[in-house]
Amino acid sequence: MINSRPLWVGITGGIGSGKSTVCQLFKLLGIPVYSADDRAKALMAVDPTLKSQILEEFGEDSYLPNGGVNRSYLAQKVFSDPEKVKKINSFVHPAVAKDFKQWAEIQSAPYLIKEAALLFETGAAEELDRVINVSSPLKIRMARVLARDPHRKEDQVNQIINQQLPDEQKNERADFVIKNTDNKLLIPQVLEIHKKLSTSE
């Protein structure tokens with residue numbers, strides 16, 4: 001850790017694990033949270049280098065006439081093909097990493113949080129000081145996602161899950177694990193980690 005900056009803490013978890021809820025709790029404690037997935041969507045629309053890479057690789061239809069990202073086109077063309085997913089990620093992840101560092105430079109909390117679904121899978125975890133994994137049983141996660149996103153079908157959710165490391169592996173690699181189950185309260189777990197991170201050297 002570099003003492004002149006806040007700790008960089010990652011929060012990850014599989015789809016439906018509840019990592020966004022956990023991040024909201026950290027925000028209530030005054031901790032800045034950077035949503036890598038939200039910023040990735042924004043950067044695809046506004047970052048000139050990233051836009052040119054996507055246009056060159058996936059064609060003019062990648063963007064709408066108003067300059068916005070043509071998400072339905074990219075979803076159809078890219079996200080059903082693992083090789084094309086790797087390709088677009090190779091453009092997006094470096095742009096997000098650069099954007100995160102610029103954001104981190106202006107924060108002044110004892111630690112800050114980078115929330116991302118694919119921290120371990122992309123290697124982004126290696127640039128962080130600590131990682132928290134939000135863990136939840138697959139059955140509960142599936143039920144949450146189908147209730148939250150009625151447009152998704154079970155096989156689509158399974159496709160996303162298969163692109164993510166299994167919970168067990170993420171738990172082993174994480175510094176902290178938050179268990180988000182129906183019989184485990186989140187707030188005491190968050191407060192305990194907050195206390196440890198606020199006093200970390």
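Student: How many aromatic pairs does the count come to?

Tutor: The count comes to 5 aromatic pairs. Rings of Phe, Tyr and Trp (its six-membered ring) pair if their centres lie within 6.5 Å; planes under 30 degrees apart are stacked, over 60 edge-to-face, the rest tilted. This is a predicted model: local features need pLDDT of at least 70, side-chain atom pairs pLDDT 80 or more, while totals for chains, interfaces and linings use all residues. Residues are numbered from 1 along each chain as its sequence is written, and side-chain values use heavy atoms, without hydrogens and water.

Student: Which geometry do Tyr34 and Trp103 have?

Tutor: Tilted, at 5.3 Å centre to centre and 50° between the planes. Tyr34 lies in strand S2 (residues 33-35) and Trp103 in helix H5, 69 residues apart. Helices (H or I, at least four residues) and strands (E, at least two) are DSSP runs, numbered from the N terminus.

Student: Is Tyr34 buried or exposed?

Tutor: Buried means under 20% relative accessible area, exposed over 50%, partly exposed in between (1.4 Å probe, protein chains only). Tyr34 has 3% relative accessibility, so Tyr34 counts as buried.

Student: Which residues do ring pairs link into a cluster?

Tutor: Trp8, Tyr34, Phe100 and Trp103.

Student: Which charged ends sit over the rings of Trp8 and Phe100?

Tutor: A charge sits over a ring if NZ of Lys or CZ of Arg is within 6 Å of the ring centre and within 35 degrees of the ring normal. The charged end of Arg5 sits over Trp8, 4.0 Å from the ring centre. Lys114 places its charged end over Phe100, 4.9 Å from the ring centre.
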